[in-house]
Amino acid sequence: MALPSDGTGRSGLARAAALALGLMLAGCGGAVHHKVAATPQTGASTTPPAMTPVPLPAAPAATPKIPGATATIGLLLPLSGSNAALGKALGQAGQMALFETGDDTTALVMRDSETVGGPVGGAQAAMAEGATVLLGPVFAAHAKQVGPVASAAHVPVVSFTTDRSVAAPGVYVMGILPSLQVERVVQYAASQGAKRFAALVPSTPYGQAIAQALNEAATKSGGSVAAIEYYEPTAIDYSDVVQRLASESPFDALLIPEGGTRLHAIAPLLSVYKIDTTKVKILGSALWTDPTLATEPTLTGAWFAAPPAGAWTAFAQRYRASFGTDPPRLASLAYDAVNMATVLAKANALNDVGITRPEGFPGIDGTFRFRADGQVERNLDIIEVQPTGFVVKDPAPTTFPPPQG
């Protein structure tokens, strides 16, 4: 059985590679294994229209309806609208995982979160096909709509958002949360002697989340927060805010969870306003995975937390060989989620108990596991910035300690 057309009209290497993958996914000998179905619609808005979801009956999900399948995985993505390119890429990553780790009895059903029925309509369509787990949607607002409907049908949701407020029993947050990055880098800095922490963050929900995470991580590590300074997200000159920070109580470590041009603008100001980076350790986030940071003398020796890079490099190579283009960074989430689901399907454990297994799962972005409250735990590298590039200072653990409580 052939895969549905993606409507892109690709040619050359990309088309040939995609066709080859499609034929492999379609199976052989008439078996309907690794089936992938998609129902994209063009022109839909990424903001779902106001609607009253029709809740499904509070009963176990139906038996998979795809002939030959004993487990059906639902993948809910923006396959139309302004985010269609992202959705398509995540769908391709999911297909890769299915081909590499699935078996003849596992089916993958892709549905559009941007249809007239919105993410709830897409979720209901996938469950009508027999999906016993929903992977996605990408956006927090969509996940909050899908969660109650899927929970009523006893179908777990593994969303790709980084908004931990989405998490609830049966609704899991898989994104690489900023709070996890902050906790990891603060714990490591504390283990190296840092006690008093400061932060320079934007006055946005992201900045507020970072500030909250810093307070929690510092307290957990036996330290304290000496100062947090906010700047307007539209600012182009950060002199005033850095000067204010420099006048605050002494601190051992300074968290700057920014990247790109903003970080390049802030970093030189640290020495201008006498923040001695030989005494104050500069800390960052996964937004620092930018090779140009090696050119910033003020950041030499700084630390940040990020997923291990090795598996991503290999994944990106395989993706490029299959589809003729580079994967977006979020593609690893779809790959890891489908990989997790296929492993659980083979063990007849595609349910909340399986999803929350204590040992977790290996992934492109490192080992991860889910808690019963829907929160994700991830093992991250500590990376040091040096003039010659990035150096892994403290590798991510490959296993988890026993769950607390």
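Colleague: What makes W312, F315, Y319, F323 and Y335 a cluster?

Modeller: In this predicted model, ring pairs link W312, F315, Y319, F323 and Y335 into a cluster, where two rings count as a pair if their centres lie within 6.5 Å.

Colleague: Why is the pair of W312 and F315 called tilted?

Modeller: The planes of W312 and F315 stand at 50° to one another, with 5.4 Å from centre to centre; planes under 30 degrees apart would count as stacked and planes over 60 as edge-to-face, so the pair falls among the rest, which are tilted. W312 and F315 are 3 residues apart in helix α9 (residues 310-323), and are therefore separated by about one helical turn.

Colleague: How do you know that the charged end of R329 sits over the ring of W312?

Modeller: The charged end of R329 is 4.1 Å from the centre of that ring, and the rule asks for a distance within 6 Å as well as a position within 35 degrees of the ring normal.

Colleague: Why is the pair of F304 and F390 called edge-to-face?

Modeller: The angle between the planes of F304 and F390 is 75°, and angles over 60 count as edge-to-face, so the name applies. F304 belongs to strand β11 (residues 303-306) and F390 to strand β15 (residues 389-394), so the pair ties together parts that are 86 residues apart in sequence.

Colleague: Are F304 and F390 buried, partly exposed or exposed, and what makes them so?

Modeller: F304 has 0% relative accessibility and therefore counts as buried, since the cut-off is under 20%, whereas F390, with a relative accessible area of 34%, is partly exposed.

Technical notes. Residues are numbered from 1 along each chain as its sequence is written. This is a predicted model: local features need pLDDT of at least 70, side-chain atom pairs count only at pLDDT 80 or more; totals for chains, interfaces and linings use all residues. Side-chain values use heavy atoms; hydrogens and water are left out. Rings of Phe, Tyr and Trp (its six-membered ring) pair if their centres lie within 6.5 Å; planes under 30 degrees apart count as stacked, over 60 as edge-to-face and the rest as tilted. Helices (H or I, at least four residues) and strands (E, at least two) are DSSP runs, numbered from the N terminus. Buried means under 20% relative accessible area, exposed over 50%, partly exposed in between (1.4 Å probe, protein chains only).
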